[in-house]
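Here is a short briefing for a first look at this structure.

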Amino acid sequence: MKNICVYCGSSIGRQEAYSSAARDLARSLVDRNLGLVYGGASVGIMGLIADTVLQLGGKAVGVIPDALVRKEIAHRNLTELHVTQSMHERKTLMAELSDGFIALPGGIGTLEEIFEIWTWAQLGIHAKPCGLLNVAGYFDSLTTFLDHAAAEQFVKKPHRSILIVEHQPEALLDRFASYEPPAIQKWVGKADL
Ligand code: AMP
């Protein structure tokens with residue numbers, strides 16, 4: 001693995017634990033010589049993780065749509081900043097540049113992004129690891145719901161198991177390093193989307 005995509009809030013959240021976890025994840029990425037791919041903003045948890053990676057001498061690559069450059073205050077000191085024409089182009093490029101995908105605490109944008117990339121794994125479009133960094137129990141009720149969705153047979157068990165959940169960045173990255181994707185019938189190719 002060379003690059004990890006981190007989806008995270010454009011807000012900072014209510015608790016210091018979220019910022020602290022973003023800094024810990026940044027440190028783990030740099031220690032493992034993994035580049036950060038993220039949404040390219042300078043605000044919230046997004047800005048914090050990029051700043052920390054850069055301060056530690058790591059590589060931070062941002063991908064931001066033109067329309068959000070001003071609104072989300074694009075980070076101006078990144079290793080690379082890709083400006084895309086659309087949100088869909090942004091997410092596609094982030095996926096192409098990355099070897100694994102992590103969601104830190106965040107809002108609707110973060111949830112949409114990790115669910116989309118998890119869906120792509122379910123469809124066999126990619127076989128890269130996807131995970132939640134469950135900081136301060138932020139994702140507890142979501143994982144409970146996902147287990148319920150699997151128990152109710154709307155989510156297949158092998159598909160549920162694709163989404164790795166850990167509390168510590170090191171544990172999550174260890175599981176990424178040894179990730180074996182489940183055998184999944186390839187329903188669609190990227191060209192079909
Ligand atoms: P949030 O988690 O809502 O603070 O947003 C985190 C990131 O997700 C920001 O860069 C947003 O631009 C992005 N985002 C927000 N809505 C969407 C969406 N519908 N699709 C993709 N990304 C989004």
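Helix α4 gives the largest share of the shell around the ligand, five residues. Keep in mind that this is a predicted model. In total, 16 residues surround the ligand.

**The shell around the ligand**
- The closest residues are S10, E72, G107, G109 and T110.
- By residue type, the shell divides into five nonpolar, six polar and five charged.

- A polar backbone atom of G107 is 2.7 Å from an oxygen atom of the ligand.

**Burial and pocket**
- Taken alone, the ligand exposes 490 Å². The protein buries 79% of that area.
- The ligand takes up the space of the largest pocket.
- Two elements give two or more residues to the shell around the ligand: α3 (87-97) and α4 (108-122).

**Histidine H75**
- Where does H75 lie? Its place is the loop between β3 (60-65) and β4 (80-84).
- Is H75 buried or exposed? H75 counts as buried, because its relative accessibility is 6% and the cut-off for buried is under 20%.
- The side chain of H75 reaches a backbone atom, the nitrogen of N77, at 3.2 Å.

Terms used:
Residues numbered from 1 in each chain as written. Predicted model: local features only at pLDDT ≥ 70, side-chain atom pairs only at ≥ 80, totals over all residues. Heavy atoms only, no water. Near = heavy atom within 4 Å. Polar contact = N/O pair within 3.5 Å; in protein donor to acceptor, adjacent residues only side chain to side chain. Areas by Shrake-Rupley, 256 points an atom, 1.4 Å probe, with all protein chains shown as cover. 1 Å grid on protein atoms, 1.4 Å probe; cavity = no way out; pocket = protein on both sides within 12 Å on 5 of 7 lines; lining within 4 Å. Sits in = over half its atoms within 2 Å of the grid points. Helix = DSSP H or I, 4+ residues; strand = E, 2+ residues; numbered from the N terminus. Nonpolar A, V, L, I, M, F, W, Y, C, P; charged D, E, K, R; others polar. Buried < 20%, exposed > 50% of the residue type's maximum accessible area, 1.4 Å probe, protein only.
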